[in-house]
Amino acid sequence: MGRAHVSTHQLVAGRYRLLEIIHRETNRICWYAEDTGAGEISRPCLVTQIGLPEDPHGAERRAAARLLRTTENMALLCPGRIAAVVDAVEEAGALWTVNEWIDGTALGELLSEQGTFNYVRAARIGLELLDVLDAAHAEGITHGELSPGQVFVREDHSVVVTGFGLAGATLAPRLTAPAFASPEQARDQRIGPAADLWALGAILYTTVEGRPPFRDRGRPENTLKGVDRLPLRTPVRAGPLTQVVQGLLRKDSRERLTRPVVREALTRALSEDPDAALAAAPVPRLRGAYAAVRTGNPAWSRRTVVAGTALAVVTVAVAVLAATQGLPGTDGGSDAAESPARPPASAATPGEGTGGGSAEPSGTPSRPRSPSTTPSPSSPPAAPPEPTPTRAPSSPSTALPPGFQRYRAAEGFSVALPKGFERLDTDRDGEVYRVVFGAEGDDRTLAVTYSDRAGPDPVAVWRDDVEPNLKQADGYDRVGSIRATTYQGRKAADMEWTAYVGGDRVHTYGRGFLLGGGRSFSLRWTTPDADWDKAANQEALRTFFTTFRPDSD
C-alpha cells in the first residue's frame, strides 16, 4: 500500500501541480493544488492521493469511473453538499481524485489546530452529515470512507463531503482512515448504511473528545483489530450526545441507532443552545495563492517614492487596495483590486510605522512552487524589528526556491521574499494598511494591502474605485480586461497595467481577493516594463502568490 512517491515539482496527469498537504490519513493524502490546464490562469483544486496495492488485474482502473459516476449522482441529490469531482486518474501507484477547490477546511485539520468542539457544535456538524447520508442511503449509496478528512467545514458552518464512490472500488480505499472504519469493515464483511452511521458516531466522538474512539495503532491491521475487538472508551465531554454516540458505535451493526433516532437526538442537543454552535466554529484557514499571478511595476522602488500622496491615499479605498501605492489620489477600494503604480509616499526604513516582522532562511518549509530561475537579490536584508510577529499557518516540508526566505509580518500574513528584500514602507489607517517590500538597487516591489472596507465585487473595485485614479498617471495603459477569478478559494479579480512613474515605464499585475465581512487582501508585483518577462521576475511572482498566507482569524 502507499508506494507512490510524488515530487511537488511534477504534474499529476500532466496538469495538476501539488502545492501543499492539507490533511493526511493512513492511506490518503489531501493536497492543495493548482490546475495548470485550465487556461491562461491556473485554478485552485483539491487533489487526493490514495495509495494502491499491487494489482495485476487492473482493479484500480475501475475505481476512477466508479468514483466519477457515484459523485455525479450524489451531487444531484445534495447540491452544494458534495465536492464536485472533475478528474480521477491512476498514476504513480496511486489513485488521484481531483475536486473543485472547496472553500473550507478539513474537519480533521480544524480539530488538530483548534482542539475539541462543544457538543452543540458537534451536533450541528452531525446533522449536516446526516442530511447527506439520508440522501445517499435512500438511493442505495454507501459512502464507506467517511472520516474527518472527508468532511470540509465552510466559514458559514455548512459542510461539504468528499470521497463518495471509493468504498469497494479497490482494495486500498477502505484503509484510508482505519480508525474510523466500522467493525464489519475490519472483518472484511460487506458493508451498508450502518457502516456510515458508525463513522458518523466516530466523527461525533472525535469532535468532542479530541481523539477517535479507537486510536490509530500504526499499522492498519492493528488499528482495525482494535476497532473490532476493544471496548469503547466512554466519552467524557459529549454531554447530552453521550447516548447517541454510544448507540452509533455499537459493534453489531443491527443494534446501531437508526437515522431518525439520531436526528432527533442531535436536534434536541442543538436546540439547547443554538448560538453555541456558531460561537464555537473555527473560521476555515485560507490557503495560499494557487496561481502565478503576474505583476510588475518598478516605480515602487522605495526610492522612486513619488511624492507623498501615498499615506494620504490610505484612506478607505486606498488602503483597501493598497495598490495605489503612490499614484496621486489613488485610493484602493477593496482587497480585491490593487492600486497601481506609484511608489510609496516616502522611502521609509524597514518596519517604519508598523509592527515589522521576521524573515526566515530559504530552507524554511513553504508552499512548494515549480522550479525556475531565481529572482535577482539585492543587498543583504536589513534586520527588521520583530514585535512578536503573528504566526503563519503551517506549511509543507518542501523548501522554498533558492534565494527566497519566508517573511512573517506582525500585521497577520506571511510571504516568501527574495533575499535582500525588506519592508520599505507602511501606510496605515486604522485596521487598513499597506506594506511595500523591496531592496536597495532593485527597482521591483511587492505591495501587500489589507482592508476591512472591501465591496462585494472585486471586479467593480478595480473598475470603479481604482482605475479612475490610475488614469491620472502619466501614460497609464491597462493590459487586457479586468478578469474575475478565484484565489485561495475566494472571489477575486486581476488587473494588469503599465504607466510612467518618475520618468520610467513600469509594469504591474494586481490581484485582490475577498475574505468576507468586508475584509480583503491584495497583492501587487511591480517591475520595470522592459524587464517584465524576465524569468527571474516571473518566478518571483509565482513564488509570492504561492506562498502568501493570511493568518487564521
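In the predicted model, the axes of helix H3 (residues 119–138) and helix H5 (residues 193–209) cross at roughly 165° and come within 10 Å. Axes are lines fitted to C-alpha atoms, for helices over the stretch in contact, with angles running from 0 to 180 degrees between N-to-C directions. H3 is therefore roughly antiparallel to H5 (angles under 35 degrees count as roughly parallel, over 145 as roughly antiparallel, 65 to 115 as roughly perpendicular and the rest as oblique). The crossing of H3 past H5 is right-handed; a crossing is right-handed if the near helix is turned clockwise from the far one by less than a right angle, and left-handed if anticlockwise. From H3, the contact involves Tyr 119, Ala 122, Gly 126, Leu 129, Leu 130, Leu 133 and His 137, with contact meaning heavy atoms within 4.5 Å. On the H5 side, the residues include Pro 193, Asp 196, Leu 197 and Leu 200. The contact of H3 with H5 has 11 nonpolar, 3 polar and 1 charged residues (Ala, Val, Leu, Ile, Met, Phe, Trp, Tyr, Cys and Pro count as nonpolar, Asp, Glu, Lys and Arg as charged, and the others, Gly among them, as polar).

Helices (H or I, at least four residues) and strands (E, at least two) are DSSP runs, numbered from the N terminus. Residues are numbered from 1 along each chain as its sequence is written. Local features need pLDDT of at least 70 and side-chain atom pairs count only at pLDDT 80 or more, while totals for chains, interfaces and linings use all residues; side-chain values use heavy atoms, with hydrogens and water left out.

H3 also packs against helix H8 (residues 259–272), the two axes coming within 9 Å and crossing at roughly 150°. H3 and H8 are therefore roughly antiparallel to each other, and their crossing is left-handed. Among the contact residues are Arg 124, Asp 131 and Asp 134 of H3 and Arg 259, Arg 263 and Glu 272 of H8. By class, this contact of H3 with H8 comprises 9 nonpolar, 3 polar and 6 charged residues.

The model contains 5 cavities of 30 Å³ or more, and the largest cavity has a volume of about 100 Å³. On a 1 Å grid over the protein atoms alone, a cavity is a set of points where a 1.4 Å probe fits but cannot get out, and lining residues have an atom within 4 Å of a point. Grid points are joined across faces, edges and corners, and a volume is the space filled by probe spheres set on the points. Lining the largest cavity are 15 residues, of which Thr 97, Asn 99, Gln 150, Thr 162 and Gly 163 lie nearest its centre. Helix H1 (59–77) and strand S6 (94–100) are the elements that give two or more residues to this lining.

Methods: On a 1 Å grid over the protein atoms alone, a cavity is a set of points where a 1.4 Å probe fits but cannot get out, and a pocket is an open set with protein on both sides within 12 Å along at least five of seven lines; lining residues have an atom within 4 Å of a point.
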